[in-house]
Amino acid sequence: HGTSRVNARGHLEIGGCDTTELVRTYGTPLYVYDEALIREKCRAYVKAFEASGFRFQVAYASKAFMCMAMCQLVMEENMSLDVVSGGELYTALKAGFPAERIHFHGNNKTEEELSMALDAGIGCFVVDNFFELELLHDLAQKKDRVVPVMLRLTPGIEAHTHEYISTGQDDSKFGFGVASGQALQAVKRALDKPFYKLLGIHSHIGSQIFETTGFIGAIEVLSAFLEQVRDETKYEVEVLNLGGGFGIRYTEEDDPLPVGEYIKVITEGVRRQFTARAYPLPEIWIEPGRSIVGDAGTTLYTVGSIKDIPGIRKYVAIDGGMSDNIRPALYQAKYEAMLANRAGEEAEETVSIAGKCCESGDMLIWDYALPKANPGDILAVSCTGAYGYSMANNYNRIRRPAVIFVKDGEAEVVVERETYQDLVKNDRVVPRVLSRTI
Ligand code: LLP
């Protein structure tokens, strides 16, 4: 997919770059992003909305993969950006991302984070709960600034995805429940607050969703809710934000729709539901993360130790693992892989790909057919572009890999590989005298 192909030397090539050469230059593990494919995804969303006739904003959910270069790319594609922490906000502002196109999410934004976002003049705060509803308003009042807000609601929809990434159900840490009546209460309170400009409502039902029924269900619940709000308060929203969650194909088991299809279903659903209620058509915002960057990312590893337990299993270990991709351990996520330096060869044996962390659960792929791997081979795991680098960690004091963008035969480092010095940068050595008395 994308610009990936097997070249004449039998090597995996991405963005016109031979992956074996990338490895020689940048080392492993290495996250390689196909820049053209990311841009293609961005444009597919924008195009689908343009065709719908709706006013819209496509906000890239930066939690999926965030660094300054990614912010620059999103900026160039004229999209908006969804951030969920002071760190993501800081990165965006540092990259020169226009504040008015930044939306701030999160179920426990701190006073410091809210102040930072207020001072930057971001485009929208997605208020998650009653505590924040008061806190943000107090801050806005102190700064004498009217701020654009949106309320995050939980519409009571099951999204049919992994339990850890389902967020639309009533029993959730996120948002104001529609069924419980808290959503209505929140809208009324927000409307009463002079330093709020209520743009509309938001819902995000979950992640890695294939079926459109969840989105349609959410639109139904939300439009009925908005009708009730109008009856009671006369208020009509300008914006309806339907979150992200559009699924991608990690393996053959996954069957997502093309990006444009989801948008078609959503825009038609909104048109139908709102028209039936004689409600003015809102501007539609969405927040895709995974579907923008997921399949554009490939992780390259070097094969090291190989352990064969005859009749039981063969473990092929690579020089990364749950430190750069925690998804298999956390969600039993499945991936596909290939030997990048022998990409043309047929599979000969079934092996399991083990990470190098001190943890039995650190397995990237179980029972997978590959050519007979040898130490020094390069293993490419595909579709690691979302929630790989962004969830990477320093467990076992493993250094986080470098990230590169490739396009038209050129590679650009967008995140340097961590160094050993980076790992001890914030450590402080205890004075000897003190350590003796402990
Ligand atoms: N908007 C909101 C409010 C969200 O909570 C999320 C994801 C998104 C947008 C973007 O969803 P996406 O389009 O990427 O599915 N770490 C998990 C995924 C967690 C998603 C959290 N929220 C994973 O690796 O599968």
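Mentor: Start with Gly86, Leu89 and Leu93 in α4, which meet Glu112, Glu113, Met116, Ala117 and Ala120 in α5. By class, that contact has five nonpolar, one polar and two charged residues. Keep in mind that this is a predicted model.

Trainee: Okay, and at roughly what angle do the axes of α4 and α5 cross?

Mentor: At roughly 25°, and the axes come within 10 Å. Angles under 35 degrees count as roughly parallel, so α4 and α5 are roughly parallel to each other.

Trainee: Is that crossing left-handed or right-handed?

Mentor: The crossing of α4 and α5 is left-handed.

Trainee: Got it. What about α8 and α9, at what angle do they pack?

Mentor: About 30°, with the axes of α8 and α9 10 Å apart. That makes α8 roughly parallel to α9. Their crossing is right-handed.

Trainee: Which residues of α8 and α9 meet there?

Mentor: On the α8 side you'll find Phe215, Ile216, Ile219, Glu220 and Ser223, and on the α9 side Val265, Ile266, Gly269, Val270, Gln273 and Phe274. Sorted by class, the residues of this contact divide into seven nonpolar, three polar and one charged.

Trainee: What about α2 and α9, how do their axes cross?

Mentor: Helix α2 covers residues 35–52 and helix α9 covers residues 259–276, and their axes come within 9 Å and cross at roughly 30°. So α2 and α9 are roughly parallel to each other. The crossing of α2 and α9 is right-handed.

Trainee: And which residues make that contact?

Mentor: From α2 it takes Lys41, Ala44, Tyr45, Lys47, Ala48, Phe49 and Ser52, and from α9 it takes Val259, Gly260, Ile263, Lys264 and Thr267. The residues of the contact of α2 with α9 divide into six nonpolar, three polar and three charged.

Trainee: New topic! What domains does the chain have?

Mentor: The domain assignment gives domain 1 (5–33 + 294–424) and domain 2 (66–288). The C-alpha centres of domain 1 and domain 2 lie 34 Å apart.

Trainee: How many residues does the contact take from each domain?

Mentor: It takes 13 residues from domain 1 and ten residues from domain 2. On the side of domain 1 that touches domain 2, β20 (402–407) and β21 (410–415) each supply at least two residues. By class, that side of domain 1 has eight nonpolar, two polar and three charged residues.

Trainee: Let's do the ligand. Which residues around the ligand come nearest?

Mentor: There are 22 residues around the ligand, and Ser207, Gly244, Gly289, Arg290 and Tyr387 come nearest. The shell draws at least three residues from each of domain 1 and domain 2.

Trainee: Which helices supply at least two residues of that shell?

Mentor: α10 (290–293) and α11 (327–331) each do. As for classes, the shell around the ligand has eight nonpolar, ten polar and four charged residues.

Definitions and conventions:
Residues numbered from 1 in each chain as written. Predicted model: local features only at pLDDT ≥ 70, side-chain atom pairs only at ≥ 80, totals over all residues. Near = placed C-beta within 6 Å. Helix = DSSP H or I, 4+ residues; strand = E, 2+ residues; numbered from the N terminus. Nonpolar A, V, L, I, M, F, W, Y, C, P; charged D, E, K, R; others polar. Domains from an automatic or database assignment. Axes fitted to C-alpha atoms, helices over the stretch in contact; angles between N-to-C directions. Parallel < 35°, antiparallel > 145°, perpendicular 65-115°, else oblique. Left-handed = near helix turned anticlockwise from the far one by under 90°. Contact = placed C-beta atoms within 7 Å.
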